Amino acid sequence: MAEQRTESARERRKSKLDELHGRLAGAVEQLVSGEDWQQAMAFAARFRSRSFNNTLLIFAQHQDAYQKGLVGEPAPSYVAGYRQWQQLGRQVQKGQPGYMIYAPVTARFATSDPADPGSWRRLDRGEKARAGEVARSRMVGAKPAYVWDAAQTAGDPIPEPPAPQLLKGQAPAG
């Protein structure tokens, strides 16, 4: 019974990843001119913590939400996951669809000889590296995850990022 649930969960994840890949391919097909690419690069620069693929997905899905009247602005301002919005004192508004993106799946690996690529072994959950071994995390796949734009949330004001300030006084010698 548990095996059937695990298999159906895998199938659902695979279908979501296939859907996400189709959306990404569609977003890339929209980039036909130099101006389109320039606009995509400028948008991606505003979301530097996200991969270029994810910024394209966010932009395309936000455009769909804008055309349906779900959000008031044509471009997203700030995106975060559900729990991140809660930590900021905000709540996703009921009925707002999340923007599906790729989230990394990582695993920990250990070896006593880091120079030998064949010597790495995958650690089980909670397992620690043996004495003398080096442990590292590595991306082993991707899974679908959801983020929401600030326009899709309500609550406390979003904190402003710290602005750079000019230093006052005399510069040190040298």
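Biologist: What makes the contact between Glu 133 and Arg 121 a salt bridge?

Modeller: Their side chains meet at 2.9 Å, N to O. A salt bridge is a side-chain nitrogen of Lys or Arg within 4 Å of a carboxyl oxygen of Asp or Glu, so this pair qualifies. This is a predicted model, in which local features need pLDDT of at least 70 and side-chain atom pairs count only at pLDDT 80 or more, while totals for chains, interfaces and linings use all residues. Residues are numbered from 1 along each chain as its sequence is written, and side-chain values use heavy atoms, with hydrogens and water left out.

Biologist: Why is Glu 133 called buried?

Modeller: Buried means under 20% relative accessible area, exposed over 50%, and partly exposed in between (1.4 Å probe, protein chains only). Glu 133 has 18%, therefore the word is buried.

Biologist: What makes Arg 130 exposed?

Modeller: Its relative accessible area is 52%, so Arg 130 falls in the exposed class. Arg 130 also forms a salt bridge with Glu 133, at 3.9 Å from N to O.

Biologist: Why are Arg 23 and Glu 19 called partly exposed?

Modeller: Arg 23 has a relative accessible area of 35% and Glu 19 has 38%, so each falls in the partly exposed class.
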